[in-house]
Amino acid sequence: MNRYICIHGHFYQPPRENPWLEAIEHQDPAHPYHDWNEKITAECYATNAKSRILDEQGWIVQIVNNYAKISFNFGATLLAWLEEKAPGIYGAIIVADRESQNNFSGHGSALAQAYNHVILPLANRRDKYVQVRWGIHDFEHRFRRKPEGMWLPETAVDLETLDILAEQEIRFTILAPHQARRVRPIGSGKWRDVGSGKIDPTMAYKLHLPSGRTIVLFFYDGPISRAVAFEGLLKSGELFTQRLLGGFSEKRTWPQIVHIATDGETYGHHHRFGDMALAFALNYIESKNLARLTNYGEYLEKYPPTHEVEIFENTSWSCPHGVERWQSDCGCNSGGHPGWHQAWRAPLREAMDRLRDTLAPAYEEKARSFLKDPRAARNDYIQIILNRTPENTERFLNQHAIRSLNEDEKIVVFKLLELQRHTMLIYTSCGWFFDEISGIETVQVIQYAGRALQLAQEIFGNAVESHFLELLEQAKSNIPEHGDGRRIYEKFIKPTMVDLEKVGAHYAMSSLFEEYAERTSIYCYTVDQDDYQSSEAGRAKLVVGRARVTSEITRESARLCFGVLHFGDHNLNCGARKYQGEDDYQALVQGITEPFVRADFPETLRLLDKHFGASTYSLIFLFRDEQRKILDIILESTLADVEAIYRQLYETNVPLMRFLKDSGVPPPMALYAAAEVVLNASLRRAFENEEFSPELIDTFLEESRSEGISLDEETLEYALRQSLERMVERLIASPTELGLLKKLNEAVGMLRSLPFQVNLWKVQNVFYDLLQTVYPELREEADQGDEKARKWVRHFSVLGEKLSVRVE
């Protein structure tokens, strides 16, 4: 068969980690999820790892891993997050690449990507090289093979970038059709213009580079890709299939490859159930033998280029003005804010370029005191980013250091390398893509600049920040209260900066609410407790202690002493500073503890201020996630008291509310609000209760219906889903235990009475896995007369009906 189909998904999220904590903090707009990565994983990355194929009745007949049948790339920073936070999904992606090698003649479907999604034509050669090197090394670390192809961020391209790819033995990349300039058969002298997207996308093309190297280019089918991404084609798997097959032409005489490329998030996040349309199309095309599914590596091996191509440099797939979207007010934006400008893009890039160009030579000059080749060390620093164990860092230093370094020198080396890492992170493309400089993506890249500036101050002692802010001040916000980039930096970046003292203060304050071991990790810091003394006086609590805080990134370490006074509510006073000797520490402990024991709190506060001076903190300085956790603890009793008042008000007036409803009179807002709070809280607790009671839940649902109460559907769905998923986790551990199966059956059966739908994705996945593994054996035992197995099979089949999974 000479008809091939390849679907490429570019799966990517910008790095969202707090640069000082190396972790993503709580992001409210992603509610009920912790952050955007978690939300998009649930909606897209997870669903494509276990996508449904339905029969004509809408029942699940197969659950498949889409990644094994398509071409894909994942951003390196996203894969790092998935590895830690969603290891099951991460594992499915890695396994899919291995399966694809079996599917596609030994060619894996995964492609590498330039490391942190920098617009490469706007980068200098040094940064381009590192972006490519780091992307390749990260790929090899995860997929255990060399990449054949590499995805260029936003398909932004120039010849220098392609030459670096070819130098690093990358065989091919994928571009948009409008990026092709002219083509000709290999060996022919006559070029044919294919500008404005006129190139035939159904073959591979060879590009000759100025260095004498070559690289293969695939130009995706523009109209089909656009229909998938923006025109709702994924609403129907059948229509998607037809459109793909419509890409072939009987007029072509060569083996055609119809291939498309879109953001991978199209399949599930941008378009709900898009993953299922994809799964349907792949299955239908393959099972009906309508075309052969392939990936780029396999097609290229079978059918090397017969034509060569020239390209338009400094172009991309998402900006008709080339790469201007990432450096000027070209008119490209999200369209959500008519009248807003993006004039801030140019001064933001100028500020970042000036910062990079100031710090790069300073890095090299300083690093030569410790490293044989500062550039080579920077190129290889990805080895440390992927594995920060002491053994690996020592191997790195043995390879790159000019001599054996002492601990202080090692700290300087790792600060220098972190400085270089952050001066690349500042160029993550999303920082310029959207509409407003105060947007979350742009604030993120300015945060990376803030971390680079902090490191520069610590290493070099020079005031780079002031000049950076002068340039940033030229980047004007569309929102009057944000003013400009300088004000945004001072408002959003400066307060988030962290040093070892602040980590120590966080440790001290949070220790009031959770018990720490002698050694504990707080994000990317290790805290070793030397001394910890706690006293209580009524509701008030005093903690005084001493600990060593060490950065796991730079290895910088400091011994700190701290004191915390908590009055039992949100009023919390903390001091933290460097340890100044045992006599000073004992004077601190004794001086603060004595007035506290006498319940002389004003004197205790005064002495805290005296001993710690300006190094004092309150609850507002806690890292965001811990702050939320502690506020939840503090609010728990307050909210319980409020709920008790509302409950009394509601229960006292239930007859009156029913009478008013029967009379057609709307209840007073105060009574309605009381009922809404009480019934939503009661339902949430019933959903979360380990002793799951459908009868109790039905009672609350009937009350809410009879009183006409609006339910907080998003929160309740999430609570119930989590409860069901805990049940299936227990079933995974003991799959043949009939009691667990009955309980899950009862809980799922209750869902039909709910006024909202519950996401049963994980429950269905577990059921399907049991159907493939445990069910066949128990079915055989049941057929042989085992009564216990018969009961299990009967309940399992009933559960399958409730979950709409075809068992027989």
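## The second largest cavity

The second largest cavity is lined by Ser 71, Gly 108, Ser 109, Ala 110, Leu 111, Glu 148, Gly 149, Phe 172, Asn 295, Tyr 296 and Gly 297. A cavity is a set of points on a 1 Å grid over the protein atoms alone where a 1.4 Å probe fits but cannot get out, and lining residues have an atom within 4 Å of a point. The volume of the second largest cavity is about 40 Å³; a volume is the space filled by probe spheres set on the points, with grid points joined across faces, edges and corners.

Four of the lining residues of this cavity are nonpolar, six are polar and one is charged. In this division Ala, Val, Leu, Ile, Met, Phe, Trp, Tyr, Cys and Pro count as nonpolar, Asp, Glu, Lys and Arg as charged, and the others, Gly among them, as polar. S5 and helix H9 (296–302) each supply at least two residues of this lining. Helices (H or I, at least four residues) and strands (E, at least two) are DSSP runs, numbered from the N terminus.

## Basis of the model

The model is predicted: local features need pLDDT of at least 70, side-chain atom pairs count only at pLDDT 80 or more, and totals for chains, interfaces and linings use all residues. Residues are numbered from 1 along each chain as its sequence is written, and side-chain values use heavy atoms, with hydrogens and water left out.

## The largest cavity

A search of the whole structure finds two cavities of 30 Å³ or more. The largest has a volume of about 70 Å³. Its lining consists of 14 residues, and those nearest the centre are Phe 74, Leu 79, Leu 111, Phe 139 and Phe 143. Strand S4 (71–74), helix H2 (76–85), strand S5 (110–113) and helix H4 (125–143) are the elements that give two or more residues to this lining. By type, the lining of the largest cavity has nine nonpolar residues, four polar and one charged.

## The protein as a whole

The secondary structure comes to 29 helices and 20 strands. The radius of gyration, taken over C-alpha atoms, is 30 Å, close to the 28 Å that the globule rule gives for 808 residues, so the protein is as compact as a globular protein of that length. The globule rule is 2.2 Å times the number of residues to the power 0.38. Along the principal axes, the C-alpha atoms fill a box of roughly 95 × 80 × 60 Å.

Of the 808 residues, 55% are buried, where buried means under 20% relative accessible area, exposed over 50%, and partly exposed in between (1.4 Å probe, protein chains only). Among contacts (heavy atoms within 4.5 Å) between residues at least 6 apart in sequence, 69% join residues at least 24 apart.

Glu 626 is found in helix H22 (residues 624–662) and counts as buried, at 9% relative accessibility. Not counting residues up to four places away in sequence, Glu 626 touches His 506, Ser 510, Glu 514 and Tyr 516.

Ser 557 belongs to strand S18 (residues 557–566) and is partly exposed at 31% relative accessibility. Ser 557 and Leu 500 are 57 residues apart along the chain, and their C-alpha atoms are separated by 7.5 Å. Arg 705, in helix H24 (residues 694–707), is partly exposed at 44%. Arg 705 and Val 544 are 161 residues apart in sequence and 54 Å apart in space, C-alpha to C-alpha.

Conventions:
1 Å grid on protein atoms, 1.4 Å probe; cavity = no way out; pocket = protein on both sides within 12 Å on 5 of 7 lines; lining within 4 Å.
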